[in-house]
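Please look over the structure below, and then read the briefing that follows, which moves from one part of the chain to the next.

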Amino acid sequence: MTVIDPDTQAGWVPEAEAEDDADDMPLSLRLSIADTLTLGNATCGFMAVYFTTTGILIPHLTGSDESGMARHSAATAVILMLMAAIFDLFDGLVARKLRSSPMGAELDNLSDLISFGLAPAYFVLVYGMVADDAHQRVSALAAIVVLLAVVLRLARFSCVTMKDGMFQGMPSPFGALTVISIVLLELPFVPTLLAIIGVAWLMVSRVEYPKPRGVLAVAMLGWIVSAMGLLAAWALDAPGGQLLLQTGCALQVVLGAVIPLFATARRVNTFRGNRREARAAQLP
């Protein structure tokens, strides 16, 4: 006659056996601290889409005139994308200092796709609808271009090995913030569209960008925090908030345009230097 332990039948597992099960868990299923930060990145991106929908798109479709709520929701959505950029900055730093799980790189790419691909592309689409219904289709096209540029850039990042300390193409967080800045500047439709497509092209280009490490990482963090303050002032309709926001957005766009120029000039100088050295080596 077989005797069944009532504790075992109820699903209770001895503590020692539970620890053994935890030790036997595949490494690919264990989350590190860096992975937790990466998931925070994805959460911020999803919530940015949520606030863009509930605070901007739905009031527009229902004919609501509550512009204050739309401004507050737009600022909240952009602040969430900025927070996603902070998570993306720190998960890499934490992964280098501590440990990263085997699925860390995949989680990072998927989270970046949500926060810096889907969220800004959706923001472009919704703001195109709100600004002028006649431009909905063109806005949708621009949004698709932004999304596909991020998809291609992230896929290339997983396949191409670059020299240490450099990215190929504008990093997706930087590109997303530049696209959002272009939208918030509220320029005429055609220049806005061309600027957005230009940023998308930079993300898939071969222009080299430095990775945010050391002093550059601190500067990037300070810039993101400052941008959050500008957005908060704009959302709360503080005196001069609109001017401060436009100034910050303009600086972001200028920075996005200047870095490729410096990178191109550096590559040209390097190429010329190599040619001079090759010619000098051929002389008797």
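**A briefing on selected helices and loops**

Ala235 is buried (under 20% relative accessible area, where over 50% is exposed and values in between are partly exposed, with a 1.4 Å probe and protein chains only), because its relative accessible area is 16%. This is a predicted model, in which local features need pLDDT of at least 70 and side-chain atom pairs count only at pLDDT 80 or more, while totals for chains, interfaces and linings use all residues. Residues are numbered from 1 along each chain as its sequence is written, and side-chain values use heavy atoms, with hydrogens and water left out.

- Ala235 lies in helix α9, where helices are DSSP runs of H or I with at least four residues, strands are runs of E with at least two, and both are numbered from the N terminus.
- The C-alpha atoms of Ala235 and Ala75 are separated by 5.9 Å, although these residues are 160 residues apart along the chain.
- Leaving aside neighbours within four places in sequence, Ala235 is in contact (heavy atoms within 4.5 Å) with Arg71, His72 and Ala75.
- Thr38, which has its place in helix α3 (residues 33-61), counts as buried at 3% relative accessibility.
- Not counting residues up to four places away in sequence, Thr38 touches Asp91, Leu107, Asp108 and Ser111.

**The pair α7 and α8**

- Helix α7 (residues 172-184) and helix α8 (residues 189-204) pack at an angle of about 175° with their axes 10 Å apart, the axes being lines fitted to C-alpha atoms over the stretch in contact, and the angles running from 0 to 180 degrees between N-to-C directions.

**A kinked helix**

- Helix α5 (residues 104-131) has 28 residues and reaches 39 Å from its first C-alpha to its last, close to the 40 Å expected at 1.5 Å a residue, a span defined as 1.5 Å times one less than the number of residues.
- A kink of about 30° in α5 is centred on Leu113, the bend being the angle between axes fitted to the seven residues ending there and the seven starting there.

**Positive phi in loops**

- Most residues other than glycine have a negative phi.
- Glu186, in the loop between α7 and α8, has a positive phi near 55°, and it counts as exposed at 56% relative accessibility.
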